[in-house]
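The following paragraphs lead through a structure from a single residue to the contact between its chains. Please keep the sequence and the model in view while reading.

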Amino acid sequence: MSDQHVYARWLDWGTRISLAVLIAAFLAYVFGLAPAALPLAEMPRFWTLPLERYLALSGAPTGWGWLPMLDKGEYQNLVGVALLGLVTVVCYLRVLPLLLARRERLQAAIVAAQVLVLLLAASGLLAGGH
Amino acid sequence: MEAAALPWWIWPLALFAVTFLLGIVAVLAGVGGGVLFVPIVGGFFPFHLDFVRGAGLLLALSGALSAGPALLRGGLASLRLAMPLAVVGSITSIGGALLGLALPTSFVQTALGVTILAIAALMWQSKKSERPAGVRPDALGEALHMHGVYHDPASGRDVEWRVHRTTAAFFAFGGIGVLAGMFGLGAGWANVPVFNLLMGVPLKLSVGTSGFLLSVIDTSAAWIYINRGAVLPIIVAPSIIGVMLGAKIGARLLRVAPAATVRRIVIALLLVAGARALLKGLGWWN
């Protein structure tokens with residue numbers, strides 16, 4: 001199987017799982033099955049604010065600070081969002097050994113560089129999150 | 001009636017309805033949902049532009065990720081073509097996202113308006129080349145293995161392709177990444193002309209590979225918005241669900257919908273939304 005087909009298979013499943021998690025979490029959040037940190041009825045006060053002011057008033061976390069708050073509905077949604085953001089990394093990591101096995105060193109270096117860029121973006125270091 | 005006076009659930013419901021329609025139109029017009037979503041929702045919904053851009057990126061990302069497997073399996077997207085360019089685009093999209101979140105909202109809103117109006121003009125003028133002729137492969141493109149053969153199901157033929165002007169393409173995708181990150185737009189409107197007209201890639205492969213490239217570039221920028229806390233599930237989730245359901249309907253209508261009319265509708269939508277963003281940014285229509 002070519003690296004492109006392997007990538008496609010992993011992408012397919014990764015995206016399906018991510019979207020399923022996001023939709024399930026959203027339905028639980030919006031129908032009140034999961035308690036929200038900020039009541040939904042108060043959201044209109046917050047979603048009009050610039051980001052910095054919203055963060056200051058709501059106490060919402062930045063970076064990966066939402067992970068310890070997974071008992072709250074809105075942060076359960078971020079699991080699906082984060083999975084969407086990780087699908088590409090996983091697919092790239094899956095094809096990397098295939099390229100190395102074929103001694104396609106230049107392509108493998110490109111894939112490795114891309115993974116580093118994506119992980120750097122995801123880490124929160126660039127965005128100032130913690 | 002003031003937007004704040006309405007019950008909270010009106011807005012996600014309206015967002016779902018609007019993104020459902022955008023999903024239909026986007027598929028019929030062959031554009032990503034993000035380029036319509038950000039100016040329309042940013043201009044006519046009460047959400048702050050910071051959250052709309054974060055949602056726009058995730059919307060475009062979801063669409064690109066969902067379409068990717070079929071395009072890659074069918075050979076209508078090329079990993080070899082996209083991967084080197086994606087590295088540059090994703091680095092600059094991070095810079096664009098950081099810049100967009102650092103600049104004053106009025107400036108970003110104004111620049112968004114100008115960009116959307118320019119995209120409308122680009123779509124109006126758009127030239128395409130089904131199979132560009134006279135491609136003289138350059139050394140960089142050859143070194144990066146940017147060549148191959150894809151099977152065109154419409155004609156039943158195998159089409160051999162190569163690229164040229166690879167260095168210029170790296171710069172172009174660098175610029176596209178900045179715009180994608182700064183404004184939360186998917187960048188299919190720019191990717192396709194660069195692949196097709198600049199690099200000489202056949203049109204169908206350009207469209208397919210653009211979708212794959214977008215999934216990588218938007219992922220990088222989306223992480224900046226996620227980590228900065230600019231992703232509100234109450235905006236993101238109904239938008240993604242709406243646009244993906246709409247895209248399914250759009251795909252069914254593709255055979256019967258008049259392409260030229262749909263294209264005109266999209267251009268009109270972009271003109272209205274771009275003008276709204278521009279006037280809002282300048283403080284002339286709040």
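In which helix is the place of A:T15? A:T15 is found in helix α1 of chain A, where helices (H or I, at least four residues) and strands (E, at least two) are DSSP runs, numbered from the N terminus. This is a predicted model, in which local features need pLDDT of at least 70, side-chain atom pairs count only at pLDDT 80 or more, and totals for chains, interfaces and linings use all residues. Residues are numbered from 1 along each chain as its sequence is written, chains are lettered from A and ligands numbered from 1 in the order in which they are written, and side-chain values use heavy atoms, with hydrogens and water left out.

A:T15 has a relative accessibility of 3% and counts as buried; buried means under 20% relative accessible area, exposed over 50%, and partly exposed in between (1.4 Å probe, protein chains only). Leaving aside neighbours within four places in sequence, A:T15 is in contact with A:V87, B:L65 and B:S66, contact meaning heavy atoms within 4.5 Å. The helix that holds A:T15, α1(A), has 28 residues and reaches 40 Å from its first C-alpha to its last, close to the 40 Å expected at 1.5 Å a residue. The expected span of a helix is 1.5 Å times one less than its number of residues. After α1(A) comes A:G32, with a positive phi near 75°.

Helix α1(A) also takes part in a charged pair. The side chains of A:D3 and A:R102 meet in a salt bridge, at 3.8 Å from N to O; the term denotes a side-chain nitrogen of Lys or Arg within 4 Å of a carboxyl oxygen of Asp or Glu. Because A:D3 lies in helix α1 (residues 3–30) of chain A and A:R102 in the loop between α4 (73–101) and α5 (105–123) of that chain, the pair ties together parts that are 99 residues apart in sequence. A:D3 is buried, with a relative accessible area of 7%, whereas A:R102 is partly exposed at 39%. Side chains of opposite charge can pair when their charged atoms come close.

Elsewhere in chain A, A:R45 and A:E42 form a salt bridge at 3.1 Å, N to O. Here A:R45 is exposed, with a relative accessible area of 55%, and A:E42 is partly exposed at 31%. A further salt bridge joins the side chains of B:R228 and A:E52 at 3.2 Å, N to O. B:R228 lies in the loop between α9 (203–227) and α10 (233–253) of chain B and A:E52 in helix α3 (residues 51–58) of chain A, so this pair joins two chains. B:R228 counts as buried at 17% relative accessibility. Salt bridges that share partners join A:D3, A:R102, A:E104 and B:R80 into one network. The structure holds 11 salt bridges over all chains, and 4 are found across the interface of chain A and chain B.

That interface takes 60 residues from chain A and 57 residues from chain B. The area buried between the two chains is about 4900 Å², of which carbon and sulfur atoms give 72%; buried area is the accessible area (1.4 Å probe) that two parts lose on being put together, summed over both. In chain A, the residues that lose the most area to chain B are A:Q4, A:W47 and A:L51, together 16% of what that side buries.

Consider next the nonpolar core, a set of buried Ala, Val, Leu, Ile, Met, Phe, Trp, Tyr and Cys residues joined through side-chain atoms within 4.5 Å. Of the 130 residues in the largest such core, A:Y54, B:M199 and B:I234 touch the most other members. Helix α4(A) gives the most to this core, with 12 residues. Not counting residues up to four places away in sequence, B:M199 touches several residues, among them B:L81, B:V135, B:M146 and B:F173.

Chain B also contains a strand pair: β1 (residues 147–152) and β2 (residues 157–162) pair in the antiparallel sense over 6 bridges, pairing requiring that DSSP finds at least two bridges between the strands. The bridge partner of B:V149 in β2(B) is B:E160. The hairpin of these strands has 4 residues between them, and in it B:G156 takes a positive phi near 75°.
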